[in-house]
Amino acid sequence: MAGLKTIIALSFVLAIGFLLVILSSALFKSYLTLLVVATYVIAPLPNWICGRAANPDDFMESSGSGVVDFGRFLTGFFVVMGIALPVLLWHSAKIAGGAAVMSIVGGLLIYGTIISFTLFFQEEQEF
Amino acid sequence: MSSHRLFRFPKPAWINSANTRTAGVYTAGALFSLGFYILIDCAVWSGSAMNPSDPPVHITFVDWIPGICSALGMLVINSIDKSRLSADSFSYSGNGVAWKARLVLFLGFALLAGGLAGSVTVLVLKYVVKEYVWPTLWMGVGNVVANGLVMLSSAVLWVAQNMEDEYTYNLAL
């Protein structure tokens, strides 16, 4: 399923995402939009960390699922933060509207790359 | 089980699936994030060049209190283990665990409702009574919307966690 073409396509999309975010900050001389990259890079981390901390197959013990749920909650928080942050900055005239749109699209591309990379290469990681 | 149904339409099967409650938890996080950033937006907008109010109207600590109350209430409500609410009849639960759980839960809901009511109070007393017009009014309206979203997020998280309990119960049977 996951071959060389997948890797090439994913890295291509990742490069476009970074290009859009860096362009959105460099074109408008306001480097606040780089925060979007930081947000989307740390967005998958809570799920990974909390997934290690608890065993989801353990149905009789309900104490473990709280940690997993907290990780998912944080993931949802970070994903919306990546969209809300540029809109917030645009609303307060810290960045231009074009920069906001470009950084949102670029951030979503970066996050989509990270997610689809983990989806494609999950089987290889387990061995 | 199915013969004890009260309503004509059966409960759809997807209600109790694990995917639905996962989606519910993600949605709760997204809603909380939206509420949180609307609150931050009010504060940033208040200090930015976009704020046209003259004489200047700014966010003070009063505007933060409802949001802090709502967030604390959400933390308290979702820290409670839901299965302890009906634990009094079981021998393992010890003495009065359900009573304590209900008391803490009541405090949480009071904080949450107090946050929403407080944000409406701030909107009316600080912005509506003094007859500010729309762009300035956003700082009060955004506060109400943010607290409402935190409350909604808390409700979604609560429902999702109860869903999990029923799911686990069905599986344990």
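In chain B the secondary structure comes to 4 helices and 0 strands. The model is predicted. From the N terminus on, the elements of chain B follow the order α-α-α-α. Chain B has 173 residues, of which 34% count as buried. Of the contacts in this chain between residues at least 6 apart in sequence, 79% join residues at least 24 apart.

Two packed helices are described by the angle between their axes and the distance between the axes. In chain B, helix α2 (residues 61-79) packs with helix α3 (residues 97-128) at an angle of about 160°, and their axes are 7 Å apart. Angles over 145 degrees count as roughly antiparallel, and α2(B) and α3(B) are therefore roughly antiparallel to each other. The crossing in which α2(B) passes α3(B) is left-handed. By class, the contact of α2(B) with α3(B) has 16 nonpolar, 8 polar and 2 charged residues.

The loop between α3 and α4 (134-172) of chain B contains Glu131(B). Most residues other than glycine have a negative phi. Phi of Glu131(B), however, is near 60°, a positive value in a residue other than glycine. Glu131(B) has 7 other C-beta atoms within 10 Å; a residue counts as exposed at 12 or fewer, so Glu131(B) is exposed.

In chain A, helix α1 (residues 4-27) and helix α5 (residues 97-120) pack with their axes 8 Å apart, at an angle of about 155°. This angle makes α1(A) roughly antiparallel to α5(A). The crossing in which α1(A) passes α5(A) is left-handed. Residues of α1(A) in this contact include Thr6(A), Leu10(A), Val13(A), Leu14(A), Gly17(A), Val21(A) and Ser24(A). Among those that they meet in α5(A) are Ala99(A), Met102(A), Gly106(A), Ile110(A), Thr113(A), Phe117(A) and Phe120(A). By class, the contact of α1(A) with α5(A) has 15 nonpolar, 9 polar and no charged residues.

Burial was also examined in helix α2 (residues 35-42) of chain A, where Val36(A), Val37(A), Thr39(A) and Tyr40(A) are buried. These residues cover an arc of only 160° around the axis, which puts them on the same side of α2(A). An α-helix has 3.6 residues a turn, so residues three or four places apart point the same way.

Definitions and conventions:
Residues are numbered from 1 along each chain as its sequence is written. Chains are lettered from A and ligands numbered from 1 in the order in which they are written. This is a predicted model: local features need pLDDT of at least 70, side-chain atom pairs count only at pLDDT 80 or more; totals for chains, interfaces and linings use all residues. Axes are lines fitted to C-alpha atoms, for helices over the stretch in contact, and angles run from 0 to 180 degrees between N-to-C directions. Helices (H or I, at least four residues) and strands (E, at least two) are DSSP runs, numbered from the N terminus. Angles under 35 degrees count as roughly parallel, over 145 as roughly antiparallel, 65 to 115 as roughly perpendicular and the rest as oblique. A crossing is left-handed if the near helix is turned anticlockwise from the far one by less than a right angle, and right-handed if clockwise. Two residues are in contact if their C-beta atoms, placed from the backbone, lie within 7 Å. Ala, Val, Leu, Ile, Met, Phe, Trp, Tyr, Cys and Pro count as nonpolar, Asp, Glu, Lys and Arg as charged, and the others, Gly among them, as polar. A residue is buried if 20 or more other C-beta atoms lie within 10 Å of its own, exposed if 12 or fewer, and partly exposed in between; C-beta atoms are placed from the backbone. The arc is that of the directions from the helix axis to the C-beta atoms.
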